[in-house]
Amino acid sequence: MSTLIHQIIKQAYKTFSKSDHYPSNYRKLNVMLNELRAKDIALEQALKTFLPQRFAAPVGYMAIHQCQHFNMCIFIVREKCSIPLHDHPGMIGLIKVLHGMAKITSYDSIQTRSDCARTSLMQPARRDRSEPIKCLLTGQHIVKDIDSTQTLQHDKNNYHTIEAVSGPIAFIDILAPPYDAHKDRDCHYYIPTKSIPSSKQAAEQTAGTENDDKIYYLQRIPPPSSFYCDSVEYQGPPIAVEDLSIGD
């Protein structure tokens with residue numbers, strides 16, 4: 001009998017490698033992730049190994065599976081540390097908190113919200129890196145291990161930061177397709193500001209909109225020097241790629 005993590009990997013491949021029955025496959029993957037618990041992947045042992053290390057990175061990265069269709073991993077974030085505000089160009093993501101309480105702050109690009117379609121999933125828009133992105137703050141949520149899977153789409157919640165607000169956190173992360181700088185899917189980092197950053201965008205801004213208090217401009221920045229990861233060994237049930245029929 002296959003383990004739950006094995007079934008989740010297999011379902012992720014089924015969901016993101018084929019266009020037929022995508023909505024139902026995606027819903028099934030979401031439900032399966034909701035059932036995942038730390039004990040299913042021996043996460044507590046990994047936490048005991050990584051967290052006591054005094055001079056380790058603020059974030060631990062545990063690889064689980066990667067193929068051309070998706071990447072699956074675990075992030076472990078130390079208390080009072082965070083994964084800075086970043087994007088997922090043309091990607092879909094699922095996050096399930098497995099340990100601790102995570103504060104997730106999300107933004108939507110206002111430009112993208114107006115003309116989104118699933119057909120553009122594999123074609124992320126090119127942007128001038130110096131041009132700030134006008135966004136809508138869509139939520140700040142505290143998410144625990146008992147809560148359901150959090151999702152992002154190429155047009156919704158695509159910009160976010162994840163903070164460990166009360167003790168360390170760990171969460172499983174699925175991104176489809178994976179980051180790939182050669183395919184315009186590089187990871188970019190930002191800082192949010194309330195000020196209008198340029199006369200061009202000032203001219204385009206609509207005065208008196210109902211969401212003025214939630215409007216932010218995201219300015220791209222270099223990768224923060226305070227954010228880096230150490231590799232953490234996966235100690236969960238063995239995953240045999242050949243048994244998944246997804247070797248690529």
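1. A residue is called buried here when its relative accessible area is under 20%, exposed when it is over 50%, and partly exposed in between (1.4 Å probe, protein chains only). By this criterion Arg-185 is buried, because its relative accessibility is 6%. Arg-185 is placed in the loop between strand E9 (169-176) and strand E10 (189-193).

2. The model is predicted, so local features are reported only at pLDDT of at least 70 and side-chain atom pairs only at pLDDT 80 or more, whereas totals for chains, interfaces and linings use all residues. Residues are numbered from 1 along each chain as its sequence is written, and side-chain values use heavy atoms, with hydrogens and water left out.

3. Overall composition: the protein has six helices and twelve strands. These elements are DSSP runs numbered from the N terminus (helices: H or I, at least four residues; strands: E, at least two). Of its 248 residues, 46% count as buried. Contacts (heavy atoms within 4.5 Å) between residues at least 6 apart in sequence join residues at least 24 apart in 83% of cases.

4. Strand pairing: two strands are taken as paired if DSSP finds at least two bridges between them. Strand E6 (residues 133-144) is antiparallel to strand E5 (residues 101-109), with nine bridges; Met-101 has Lys-144 of E6 as its bridge partner. E6 also pairs in the antiparallel sense with strand E11 (residues 215-221), over four bridges. In that pairing Lys-134 stands opposite Tyr-217 of E11.

5. Nonpolar cores: a core is a set of buried Ala, Val, Leu, Ile, Met, Phe, Trp, Tyr and Cys residues joined through side-chain atoms within 4.5 Å. The largest one contains 35 residues, and Phe-16, Leu-43 and Met-72 have the most contacts inside it. Helices H1 (4-16), H2 (22-35) and H3 (43-50) and strands E1 (59-66), E2 (71-77), E4 (92-99) and E9 each supply at least two residues. H1 gives the most, six residues. A second, separate core has 17 residues, among them Val-59, Val-77, Ile-83 and Val-143.

6. Helix H3: its buried residues are Leu-43, Ala-46, Leu-47 and Phe-50. They lie on the same side of H3, because they cover an arc of only 100° around the axis, the arc being that of the directions from the helix axis to the C-beta atoms. These residues pack against E1, E2, E4, E9 and strand E12 (229-231). Leaving aside residues up to four places away in sequence, Leu-43 touches Ala-38, Met-62, Ile-74, Leu-98, His-99 and Ala-170.

7. Aromatic pairs: rings of Phe, Tyr and Trp (its six-membered ring) pair if their centres lie within 6.5 Å; planes under 30 degrees apart count as stacked, over 60 as edge-to-face and the rest as tilted. The whole structure holds seven such pairs. Tyr-22 and Tyr-26 are stacked, because their ring centres are 5.7 Å apart and their planes are at 25°. Both residues lie in H2, four residues apart, about one turn of the helix. Tyr-22 is buried at 10% relative accessible area, and Tyr-26 is buried at 11%. Together with Phe-16 they form one aromatic cluster.

8. Tyr-61 and Phe-75 form an edge-to-face pair, 5.4 Å centre to centre with 70° between the planes. Tyr-61 belongs to E1 and Phe-75 to E2, so the pair ties together parts that are 14 residues apart in sequence. Tyr-61 is partly exposed at 25%, whereas Phe-75 is buried at 14%.

9. Charges over rings: such a case requires NZ of Lys or CZ of Arg within 6 Å of the ring centre and within 35 degrees of the ring normal. The charged end of Arg-78 sits over the ring of Phe-50, 4.4 Å from its centre. Lys-194 is placed likewise over the ring of Tyr-216, with its charged end 4.4 Å from the centre.

10. Pro-177 is located in the loop between E9 and E10. Ala-42, not a glycine, has a positive phi of about 55°; this residue lies in the loop between H2 and H3 and is partly exposed at 29%. Asn-157, also not a glycine, has a positive phi of about 60°. Asn-157 is in the loop between strand E7 (150-152) and strand E8 (159-164) and is buried at 17%.
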